Amino acid sequence: MSKYSKLKSFPSAAVRANLDYPVIDTDVHTNDFTPALEDYIADYGGVKLVDELRKAESSRLNPKSENKDWYQQTPEERQYNRTLRSPWWARVTRNTLDLATYTLPALLYERQGEQGSDYSVLFPNNALAAAGASKENRQLLQRAINHYHADIYRKYSDRLTVVAGIPMTTPQEAIEELEFAVNTLGLKVANIPGGVRRPIKAITDKYPADQFPEIGKYASYIDFFGLDSEYDYDPFWAKAVELGVPLTTHYGSQGWTGRSSISNYMNNHIGHFADGSQAFAKALFFGGVTRRFPQLRVGMLEGGADWGAHVYIHLVDRFSKRSLEGLQNYNPDLANPDELFELFEQYGGDITQGHSLSKEELTKSVLGSSFNRHSRSPVGRELEDFGAAGIQSIEDIRDRWVNSFFFGSESDDRTIAAAFNDKANPLGVKLNAIYSSDVGHWDVPDLTAPLAESWDLVREGVISEADFKAYVFGNPYKFYTEANPDFFKGTAVESKLPKTESQVENKTLVGV
C-alpha cells in the first residue's frame, strides 16, 4: 500500500469515514503535462496547431499593450494604457505532492480517499484554452484538447470524470463539439464560457478592425447566449438536453467596470465569478431559456451560492412591482389630472406662485423628465420584462431559477448559509448549493482539507447536518442525474448509495 493511502491522519478522510453517503466534488482543477499535451496536439493537427495553443495560452488573462504585458510596463505605462493587473501565482507550489497530484491522473485517482471524495469532476486548466484561438483553428484545437483529456482519464472513470470544453462562439460550433465529445469521446459533462465578446457593429463599420485594431479591444459587448443574443442558441440547449449533458461554467468578470484595477489582483478577483455567473444566469432566465428547456441543468462554479439567493429574492420582489399588473401603479395615463389640480390648488400656493399651469401641463410637470424624456411610452411587449421568461407567478420564478441552476460553493465559503436559508428565500426554498472544492487552485493549499473545512460549517452552526448532506451529496447527485439518470452508472457513487435512497432516487427519476 502506498504511503499516501494511509487515511487516518487526513482531516477530510476522517469526516468522510463518518458519513453514510458518498461525497461528490463538482470542481477539481488539473494541470496538463505540457510536453505530452503538445505532442498529442501535434499528432492531431500539426505544429501549427501547437503554435495556436501557445499563442492562446500566452494571451489568456494576460492583457498587453504595445506587445508588453503588465510586468514589462512601467507604472506610468500601466496608468496610460489602463493595463489590467491579471492573476498571478495561481498554482499550489510549496505543497509539491499536491502540485504533482494535479498533473498526474494516477496519483489524483489514488488520493481520492485522502480528499474525502468518492467522485470528482475534473476541469483541466486548458479545458477552454481554444476559445482564444483563431477562427480557423478554434474547433480543431478544442477537439484535440478534449480528446487528450478523455484519453488520459478514461481508465479512472469509476471515480473521476473530465469535462469537455465547448466553444460557444456560434451555436453550430458548440453543437458539433458537444456531439463529438459525447458520442465519440464518451464525455458526459460540458464546460462552457458564460459569455462571448463580440464587436459592436455600429463602431466596427465606422472603424474596421483591420485598420483600427486597438478600437476593437474596447468597443465590444458580451453576448450571454440568452437575452439579446446575436444568435439563436436554442438548438444548442436542446442538444444538451437530448444528450443528457449538464452544463457548467466558471465565468468571471475580471476587467469589467469595478474589476479593472491596474495594480491589485485581489480587487479584481473578489466576487468576480459571482458577477460573471449572475450575468449569464439572468440572461438565460430573462431570455426564456429555462422556460423553454426546463430539463436543462446549469452549474455555475466558484462564485458561491449567496448570489443565487440574492437574485432569486430580488426577482420575486421586483416581479410584484414590475409585472404587468404591478406596472399599473406607475402608468402615467392613470394619473388623475383633476385630483392633482385640486390638491395643488389647496396645498401648493407657496411653491406655485407665479406659475399658471393647465391640468395637463401640471401633470406633465409633476411627472418630471423621467416620464417625459422619451419619444413615446413603451407599449405591448416593451412592457414585459418578465414576458420571455413566461412568469405569471412567483412559483414560476422558483421553477425557472431554483430548479434550473446549481451554485458551486467552495468548502470554506460561509455565505453558503444564504442558499439554505428557507426563512428568507421566497416559498421557503433552499437553493441548490453544490460542493465545489476548487482543489488545484491557489485557494486550496492542501488537497486533504476542503471537506473537513465544509464540516466546520456544521460544527459552527452555519449550516445544518441536513444542509451539509445536500451540499456534498444530494444536490450534486441531483444536478448530474436530473440531466442524465445514468450519470453515475458503474461508478463508486452508485456502489455506495444507501440502498433505500437509491431506490427512492430511481423512482423519482422515472417520473421526471
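**Helix packing in a predicted model**

Helix 2 and helix 3 are oblique to each other, in what is a predicted model. Two packed helices are described by the angle between their axes and the distance between the axes, and the points below follow that description.

**Helix 2 and helix 3**
- Helix 2 (residues 34-45) packs against helix 3 (residues 47-59) at an angle of about 130 degrees, and their axes lie 7 Å apart.
- The crossing in which helix 2 passes helix 3 is right-handed.
- On the helix 2 side the contact is made by L37, E38, I41, A42 and G45, which meet V47, L49, V50, L53 and R54 of helix 3; by class, this contact comprises 7 nonpolar, 1 polar and 2 charged residues.

**Helix 14 and helix 21**
- The axes of helix 14 and helix 21 cross at roughly 130 degrees and come within 10 Å, and the two helices are therefore oblique to each other.
- Their crossing is right-handed, with A281, K282 and F285 of helix 14 meeting I397, R400 and W401 of helix 21; by class, the contact has 4 nonpolar, no polar and 2 charged residues.

**Helix 16**
- At 1.5 Å a residue, the 17 residues of helix 16 (residues 306-322) should span 24 Å, which agrees with the 24 Å between its end C-alpha atoms.
- The buried residues in helix 16 are W307, G308, A309, V311, Y312, L315, V316 and F319, and what covers them includes helix 14 (272-286), strand 11 (298-300), helix 21 (394-402) and strand 12 (405-409).

Conventions. Residues numbered from 1 in each chain as written. Predicted model: local features only at pLDDT ≥ 70, side-chain atom pairs only at ≥ 80, totals over all residues. Heavy atoms only, no water. Axes fitted to C-alpha atoms, helices over the stretch in contact; angles between N-to-C directions. Helix = DSSP H or I, 4+ residues; strand = E, 2+ residues; numbered from the N terminus. Parallel < 35°, antiparallel > 145°, perpendicular 65-115°, else oblique. Left-handed = near helix turned anticlockwise from the far one by under 90°. Contact = heavy atoms within 4.5 Å. Nonpolar A, V, L, I, M, F, W, Y, C, P; charged D, E, K, R; others polar. Expected span 1.5 Å × (residues − 1). Buried < 20%, exposed > 50% of the residue type's maximum accessible area, 1.4 Å probe, protein only.
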